[in-house]
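Please look through the sequence and the model before reading the points below.

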Amino acid sequence: MKTRYSYGGDEHIYVEIDDEMSLDAFFIALSLSNMVREANIPGVTEILPANASFEVRFDPDVIAPDAMMAKIKEFEHRAEVQEKRLDTRIIEIPVYFQDPWTHETLMRFRERHQDPSGSDLEYAARINGYDTVEAFIEAFHSQPWFVSMVGFVAGLPFLYQLVDRDKQIEVPKYLRPRTDTPRHTVGIGGCFGCIYSVRGAGGYQMFGITPMTIFDPDQKVSYLKDFMVFFRPGDIVKWKPIGREEFDAITKEVEEGTYTPRIAEVEFDLDAFNNDMTGFNAKLMEALNDA
Amino acid sequence: MTLEIIKPGLATTIQDLGRPGYFHLGIPEGGAMDRLAFRAANLLVGNDEGAAGLEAVFMGPEIKFGAEMSVAVTGAEMPMFLDGEPRDTWTSFTVKPGQVLSFGFLKAGAHIYIAVSGGIDTPPALGSRSTYPIGALGGFEGRAIAAGDVIPVGVGSVVAEGRVVPDALRRRPGTPAVLRAVTGLYWHRLTEKSQKAFFDDDWVVAPEADRMGYRFRGGQPMEFVDRPQPFGAGSDPSNIVDGCYSYGSIQVPGGLEPIVLHRDAVSGGGYFTLGAVISADMDLIGQLQPNTPVKFKRVEMDEALAARAQRKAMIEDIRQSLA
């Protein structure tokens, strides 16, 4: 790893574990940011973990920027040798692929896209070497994804596909960002998947939509009563393709407060995963059978 | 005690000093853009400095008061009238039930702050009354105020009329506005020529300037140091593996127009950042209008910290002058 430290103005320190994405870099960023949190350093006001980096916000009236940076560096070696495992949860997220709402939106912003003649899915399937959109959708949802960051806007998860790098789906973002994206759109930009937690601007390719609310400022949704944001870094997601009928049924259940997401407690061990990705993923997904 | 909104202005929101601590989940700190002016407005009417007030941009609202209270307006220069009679900004005055506050055309600056004794008393969300419209969080029903809204005001006591913040303690951007910045983050992605040009070029505020971020245009397109793009970063040389952004950080999508993230910032994304505007100059950005000429000035950390101390001292001077 090529860890790099930098100031972000006088209130932030930015730590980039690696300039490329990998689960190794994610785990070191997570360990190092956890160590900084647990050290309860006076003056630290917030710690923000990201995909392969993290940021510390601090009050320079309490701790000088150079002293703050020196404190973080003290943990670097320990974080690198830390076990890369996590007690977490796998969540089944229903997705209605090729839905009418993202389709209407992508048609509206076609002139901002690399391929104005087709849909986002047709484009993504083609450039990733899939013969059909169906084969691409299958590749998208058959293996689980890992939440490597939460942010951009309130509660939006960034997801990283748990497959070999050469099998990972990669698509560019729109040439110019859209000014509109339907709430709950499932999409991908670069190697990262995401669920748009709120309606708004966006540049990711749009593939489908989930009926599951993942951010609820009123905390009326049954599974968001404890906190308004659903996702946390380290969560694992298994997409479940659904059709219109099931989409409408779940939407109704979420509104009525009767929907319970399928969730199972699992352990994610990076070494075990790297040794046998297919086998490890199969076990992760089996856990959902008992949920 | 209430405020009745007759005309809302352009995008008037309830703000306070924000909700720090949730940015790691994408919920920005929010709060007043120009915090010095905001604190001054509260001090003028005898409130805690963090009491919620109204922030209006470019155009003032029209407000009918439901009770006797002290009022002060600070920030941008905008003529102001109580029942049609001119009133001074940066000065406390008392209003009676039924009186109406209105505004003329903006003369200088961008954001005004309206404080009322007792402070606005909408329900806090995550510890703050600041409005975050994208997340429908805080403020009045999670949105900018609209005509007909009746906004609750807390219990306060009326203070003396004519309390005033001395002119020397009203901070305004100069012409051009100078924004001091510390380089860093992904500064190394730029060629030396573009590093130099960023600080040499003349910029102006673009029309896309709001609480999330201020965009600038007029400088030269930036050139990047050649490299194979790292895995996961995306294909444009201005792309990085999505990381955290921070308040004040300067991103330049496509190397074209710098954007300085402000109080309602997005918390992360895939564009490189070349550094950050120092904390002491964030208030100034809140008083920039589109087309305002801007120069970015490179400073080192010690200068950033000295400027921070200077701003704090200025707020302390305001406190003392009104004590």
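At what angle do helix 1 (residues 35–44) of chain B and helix 4 (residues 301–322) of chain B pack? They pack at an angle of about 15°, and their axes are 10 Å apart. This is a predicted model, in which local features need pLDDT of at least 70, side-chain atom pairs count only at pLDDT 80 or more, and totals for chains, interfaces and linings use all residues. Residues are numbered from 1 along each chain as its sequence is written, while chains are lettered from A and ligands numbered from 1 in the order in which they are written.

**Helix pair in chain B**

- Helices (H or I, at least four residues) and strands (E, at least two) are DSSP runs, numbered from the N terminus.
- Axes are lines fitted to C-alpha atoms, for helices over the stretch in contact, and angles run from 0 to 180 degrees between N-to-C directions.
- The angle makes helix 1 of chain B roughly parallel to helix 4 of chain B (angles under 35 degrees count as roughly parallel).
- Helix 1 of chain B contributes B:Leu36, B:Arg39, B:Ala40, B:Leu43 and B:Leu44, which meet residues of helix 4 of chain B including B:Arg311, B:Met314 and B:Ile315.
- The residues of this contact divide into 8 nonpolar, no polar and 3 charged.
- Ala, Val, Leu, Ile, Met, Phe, Trp, Tyr, Cys and Pro count as nonpolar, Asp, Glu, Lys and Arg as charged, and the others, Gly among them, as polar.

**Contact between the chains**

- Chain A gives 47 residues to the contact and chain B gives 42 residues (two residues are in contact if their C-beta atoms, placed from the backbone, lie within 7 Å).
- Strand 3 of chain A supplies the largest share of the side of chain A that touches chain B, 5 residues.
- That side of chain A has 25 nonpolar, 12 polar and 10 charged residues.

**Sheet in chain A**

- An open sheet of 4 strands in chain A has the order 1-2-4-3 and antiparallel pairing (two strands pair if DSSP finds at least two bridges between them).
- Strand 1 and strand 3 of chain A each have a single partner strand, so one side of each is left without a neighbour in the sheet.
- Strand 3 and strand 4 of chain A pair over 5 bridges, and A:Val44 stands opposite A:Phe58 in strand 4 of chain A.
- Helix 1 of chain A lies across strand 2, strand 3 and strand 4 of chain A.

How values were computed: Parallel < 35°, antiparallel > 145°, perpendicular 65-115°, else oblique.
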